[in-house]
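Here's a quick briefing for anyone meeting this structure for the first time. Have a look at it, then read on.

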Amino acid sequence: MKSTSLAANSMLVAAAAAAVAAVHEPSYSLNTTPSSPVSQPHGPQFVSYSFEPAYWVEFFGEPDSPRDLTFTLLNHLHERGARPIIRAGGIAMDSMVFDPNQTKSVVRTENGKGGIYRTTIGPAFYDHWDNFPEGTTFVSTLNFGNNSVSIARGLAEASYQRQRDKIVFYELGNEPTNYPTSRWKGSTEAYIAQWQNFTAEIDAAIDGDSHGKWWASSATTDVTPLKVRPADLIPKGVNSTGQVGQYSIHSYAFATCDPARAARATIPNILNHTDLLRYADDEIYPSAKAAMDAGAPWIIGEFNSIACSGKPNVSDTFAQALWTADVELLYAVRNASSVHLHQGAALVFQSDQQLNTPGDDGSPGFSSYSLLYPIDSSKRGAARVLPVFVSQLLVAEALADGGRIAALETPRGLAEQGFSAYAVFQEKGRGACGSGKKLKLAKLVILNMKPYYAGQEAARATLSVDIGEHKGATVKRMTAPAVDEKDSAKVTWAGQSFRNGEAVGEVAAERLGPNEKVAVKESEAVLVTFS
Ligand SMILES: *[C@@H]1O[C@H](CO)[C@@H](O)[C@H](O)[C@H]1NC(C)=O
Ligand SMILES: *[C@@H]1O[C@H](CO)[C@@H](O)[C@H](O)[C@H]1NC(C)=O
Ligand SMILES: *[C@@H]1O[C@H](CO)[C@@H](O)[C@H](O)[C@H]1NC(C)=O
Ligand SMILES: *[C@@H]1O[C@H](CO)[C@@H](O)[C@H](O)[C@H]1NC(C)=O
Ligand SMILES: *[C@@H]1O[C@H](CO)[C@@H](O)[C@H](O)[C@H]1NC(C)=O
Ligand SMILES: *[C@@H]1O[C@H](CO)[C@@H](O)[C@H](O)[C@H]1NC(C)=O
Ligand SMILES: *[C@@H]1O[C@H](CO)[C@@H](O)[C@H](O)[C@H]1NC(C)=O
């Protein structure tokens, strides 16, 4: 019967088409017209760092015995044109004192279980700045916690006398939101009055070098009685004396400081792009906007994925690389001038219910969100670079040469929480009378945030992303065998891994033919550079 066989035939054709579709996965069309404003041009300081001063020597060594592993990582960034600003900041900054007679860079005064009462720095701390890659600049960080103008001024003078040419900013106090409430009794005005008093005293002591170079705020986004985020300080006149250079805010959307928050600090949650957008827009952007409306630059003066030193099996995996790349680019879109990724170790006095602890002998319990474990330790094993490091190379290369970045809409058919994409533009000459710079689409960053775990039953899917018409491109890939990979020898950027600092392998940039689509596996990111 003809009709039946025809029907059977067309069913066969349909089945064959389905089989073909299963092999050639559907492609998703990425609209490269920005869905956000295009950012300011980014400078080489965009990718920057914050190092807990108490652990400075573990990360950098002493002037006569520098810690090569950390310096090697900084060199990889400098080779790509990046010039990270180094902030020796964090909680220990607020118990830091300068002792001109101390021969060591840093001495911690501890309780034997890793609790730090004081961090004493000697002249070698500043002298060591000369061993950083050529062109490195620093933030001179000062203690506000001890409520002593002489301690703060002592640090400022020591830094100014030794390294005035390398100091680009001064910072008084870390996270005043976490100070005892009795200090300012929740009064923003009282905080500003004392901050202006100290900064004026210090300006006078160091020939005005710090005037106009102060970071203001350095607040967290925690809900606290004292409201001193930039959005709170700016309308209350923190810059009425003209001392502020930049507004700084700290960004930690997740934490292991207590069991309830530790339970939420999971790989799927830190890779939920929708939630990262929510935090950036609700908690950070109002302060960023207040700064920009005042014509002022703003920065993320300290940030990382999971407060209280990260979470093992989450922040020491490749997930942290995807998180860091996405969050740094989110803040680049929102015009942060620099983002200081925090490096350190567990601080016992930060929380009495935190997940992370020092070693049993009080030795540092290095933060699992850092770029590296800088030395061998009982808590974290052998010194090594962690999977996150490759994200720094991706972001530095994406924003190189004054890149201006914008967000792109999620392609139809994909979930926003598992996908993130950006377009990077380069300015092309100037229009008439210097106005209307022409923007040329130079690069795309595409992050497939969907977790693919080692040993997972479902196969690792590949997204085929249609990026429209183009004349060809190169693709650099940030990848790992799985999102929970912890061995950085298996984590690569453009084919190279960095477990012991040095690049292993040849640079592998893939060629993309004209109009060709880009393949991005689950838990993978690519930088597409147009020819
Ligand atoms: C970033 O700055 C540019 C100007 O350089 C501006 O047009 C844009 O609106 C700003 N972006 C945001 C998100 O505020
Ligand atoms: C440093 O040593 C000198 C000379 O021994 C001494 O006079 C001074 O008080 C010491 N300073 C501090 C801060 O300990
Ligand atoms: C600074 O304050 C801390 C915490 O209150 C205290 O333990 C330390 O002794 C103080 N340091 C100095 C030098 O006063
Ligand atoms: C700071 O406050 C102290 C104590 O009130 C006062 O003596 C000093 O003059 C003030 N300094 C400045 C620069 O305002
Ligand atoms: C602070 O005020 C001074 C003097 O008006 C101004 O030059 C400077 O740009 C302001 N700083 C910021 C961050 O707005
Ligand atoms: C991802 O984050 C958004 C925004 O916070 C939230 O509504 C959504 O439930 C999250 N997705 C999952 C799977 O948790
Ligand atoms: C991390 O994962 C390993 C292997 O799955 C497990 O043995 C270890 O207990 C986990 N560590 C933490 C802190 O959860």
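At what angle do helix 5 and helix 6 pack, and how far apart are their axes? The angle is about 40 degrees, and the axes lie 10 Å apart. Keep in mind that this is a predicted model.

**The helix pair**
- An angle of 65 to 115 degrees would count as roughly perpendicular and one under 35 as roughly parallel, so helix 5 and helix 6 are oblique to each other.
- The crossing of helix 5 past helix 6 is right-handed.
- On the helix 5 side, the contact is made by Val149, Ala152, Arg153, Ala156 and Glu157; helix 6 (residues 188–205) brings in Phe198, Glu201, Ile202 and Ala205.
- Sort those contact residues by type and you get six nonpolar, three charged and no polar.

- Strand 7 and strand 8 (residues 116–121) run antiparallel and are joined by five bridges.
- Across from Val107 you'll find Thr120 in strand 8.

**How confident is the prediction?**
- The protein chain has an average pLDDT of 94, and 94% of the residues score at least 70.
- Residues 1–23 have a pLDDT below 50, and this stretch has zero contacts in the model beyond near neighbours in sequence.

Methods
Residues numbered from 1 in each chain as written. Chains lettered and ligands numbered in written order. Predicted model: local features only at pLDDT ≥ 70, side-chain atom pairs only at ≥ 80, totals over all residues. Heavy atoms only, no water. Pairing = 2+ DSSP bridges. Helix = DSSP H or I, 4+ residues; strand = E, 2+ residues; numbered from the N terminus. pLDDT = per-residue confidence, 0-100. Contact = heavy atoms within 4.5 Å. Axes fitted to C-alpha atoms, helices over the stretch in contact; angles between N-to-C directions. Parallel < 35°, antiparallel > 145°, perpendicular 65-115°, else oblique. Left-handed = near helix turned anticlockwise from the far one by under 90°. Nonpolar A, V, L, I, M, F, W, Y, C, P; charged D, E, K, R; others polar.
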